[in-house]
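Please look over the sequence and the coordinates first.

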Amino acid sequence: MIKIAPSILSADFAHLADEIKRVTDAGAEYIHIDVMDGTYVPNITLGSPVVKCLRKTSKAVFDVHLMTEHPETQIEAFAEAGADIITFHAEAAKHAHRVLQQIHAAGCKAGVALNPGTPLVMLEELLGDMDMALIMTVNPGFGGQKFIASMLEKIHILYHTIEDNEFTCDIEVDGGINPETSKLVREAGANVLVAGSAIYDAPDIAEAVRAIRGDGTGHHC
């Protein structure tokens, strides 16, 4: 089952609750919430108080992506604010397995993100305890970047690693996703697709969600 996770980084921040409703009404299952601290990545976005306010307005799955240093200091606040999934960067965590345990203990699903330059081996000892692996198909920190095609092989290898070991771990992709690139990542094995401008800037959001979802099956090879 392919799930669509519109990134509110591309939404109108003056009307976030309405912007979330627009995409969930259009069929998106997840809301991807990019949390940036100005240190791990150059930008600063939003914190747990905003998520707490938005939680009152939506029943969508809140997919919180921590692009922050010291992710372990953020877990409780975002869990209490209403996050359903919390993903942190392997590159930012000194004790990644402990952070996974912390997220689960807080009642959320746990994901680990990898930047384009980070090898899959960073996930090797973690996959059995993860609910989601997030493969960045751009470098983190800015919306609207060009999709890095060499990441398709990384997704493909990860898909087979998960299948061969019978892990229950979704593969999420984030960066440069549109109807064309979504087909490529679905074929490689991804099943949760983050898209920002390709959804929020589309003249027909429901049509954009359908186009990025494709036929809903993906073709794993």
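**Cysteines and sheet**

Cys 53 counts as partly exposed because its relative accessibility is 48%, where buried means under 20% relative accessible area, exposed over 50%, and partly exposed in between (1.4 Å probe, protein chains only). This is a predicted model, in which local features need pLDDT of at least 70 and side-chain atom pairs count only at pLDDT 80 or more, while totals for chains, interfaces and linings use all residues. Residues are numbered from 1 along each chain as its sequence is written, and side-chain values use heavy atoms, with hydrogens and water left out.

The whole structure was searched for disulfides, meaning pairs of cysteine sulfur atoms within 2.5 Å, and zero were found. For Cys 53, the closest cysteine sulfur belongs to Cys 108 and lies 17 Å away, too far for a bond. Cys 108 is buried, at 6% relative accessible area. Its sulfur has its closest cysteine sulfur in Cys 169, at 16 Å, which is also too far for a bond.

Turning to the strands, strands of a sheet pair through backbone hydrogen bonds, either parallel or antiparallel. Here eight strands form an open sheet with parallel pairing, in the order β1-β8-β7-β6-β5-β4-β3-β2. Strands are DSSP runs (E, at least two residues), numbered from the N terminus, and two of them pair if DSSP finds at least two bridges between them. The edges are β1 (3–6) and β2 (30–36); each has a single partner strand, so one side of each is left without a neighbour in the sheet. From one strand to the next the twist averages 25°, with axes fitted as lines to C-alpha atoms and angles running from 0 to 180 degrees between N-to-C directions.

Within this sheet, β7 (residues 170–174) and β8 (residues 192–195) are joined in the parallel sense by three bridges. Val 173 has Leu 193 in β8 as its bridge partner.

Methods
Helices (H or I, at least four residues) and strands (E, at least two) are DSSP runs, numbered from the N terminus.
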